[in-house]
Amino acid sequence: MKKIIKSVFVFAFVCAFLCGCSGMEELSERYTVTALGFDFNKTMTVTAEIFVTGDTAGSELERNVVSAKGKTVSEAFYNLKLKLSQNPLLDHCTAVVIGNTVDGKRLKEVFDFCENQKGLNFGVNFVATQNANEILSEKSYNVAVGFDIVSAIDSFKDTSGVNFKCRRYEIESDASAS
């Protein structure tokens, strides 16, 4: 009897280890999204600043900006996922950039979309600008635009002593100044 109980226990223990990593994806099999942008011009455009991780340890991260269109935010994001060969990881998204062309109805749709996205941090900063795609596509940035935006906001808080009570900001692109 002891042998049967011991065999069942060992079998259950082995089964637990066999299914422990089911559904897991390696980081190299995902794109890390650092910022999302939303614009509207007859169709919704979703822009994502992504970093592609290399296959080997210590390899360089490659910054890319990818956009897709759709009738709704969800459709545009779905089309964006289809353009990528890997799944987007939203856990490191620090900024959601919203273009001024997004009206009230679509703004609610953007907020609802962000609220329902798995992995999108509740502490993400919402930024208003003329054109989200233009901000995220800016070539002069060497690091993540999303991280730069948040760093600039934090720096302004530190140097000015102003503590913002909300997470909505307005920025301009360098491209519009030239």
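Is Glu-49 buried or exposed? Glu-49 is buried, with a relative accessible area of 0%; here buried means under 20% relative accessible area, exposed means over 50%, and partly exposed is in between (1.4 Å probe, protein chains only). Keep in mind that this is a predicted model, where local features need pLDDT of at least 70, side-chain atom pairs count only at pLDDT 80 or more, and totals for chains, interfaces and linings use all residues. Residues are numbered from 1 along each chain as its sequence is written, and side-chain values use heavy atoms, with hydrogens and water left out.

**View A. Glu-49 pairs up with Arg-63.** Their side chains meet in a salt bridge, at 2.6 Å from N to O. (A salt bridge is a side-chain nitrogen of Lys or Arg within 4 Å of a carboxyl oxygen of Asp or Glu.) The pair links distant parts of the chain: Glu-49 sits in strand 2 (residues 43-52) and Arg-63 in strand 3 (residues 62-70), 14 residues apart. Helices (H or I, at least four residues) and strands (E, at least two) are DSSP runs, numbered from the N terminus. Arg-63 is partly exposed, at 21% relative accessibility.

View B. Lys-108 counts as exposed at 51%, while Asp-112 is partly exposed at 30%. The whole structure has three salt bridges, including one between Asp-103 and Arg-106, with the closest N and O atoms 2.9 Å apart.

**View C. Strand 5 and strand 6 run parallel.** Five bridges join strand 5 (residues 95-99) to strand 6; two strands pair if DSSP finds at least two bridges between them.

**View D. Strand 6 (residues 125-129) is mostly covered.** Five of its five residues are buried. Asn-125, Val-127 and Thr-129 point one way, and Phe-126 and Ala-128 point the other. In a regular strand, side chains alternate between the two faces of the sheet.

**View E. Cys-93 is in no disulfide.** The nearest cysteine sulfur, that of Cys-114, is 7.6 Å away, and a disulfide needs a pair of cysteine sulfur atoms within 2.5 Å. Cys-93 is buried at 4%, and Cys-114 is buried at 6%.
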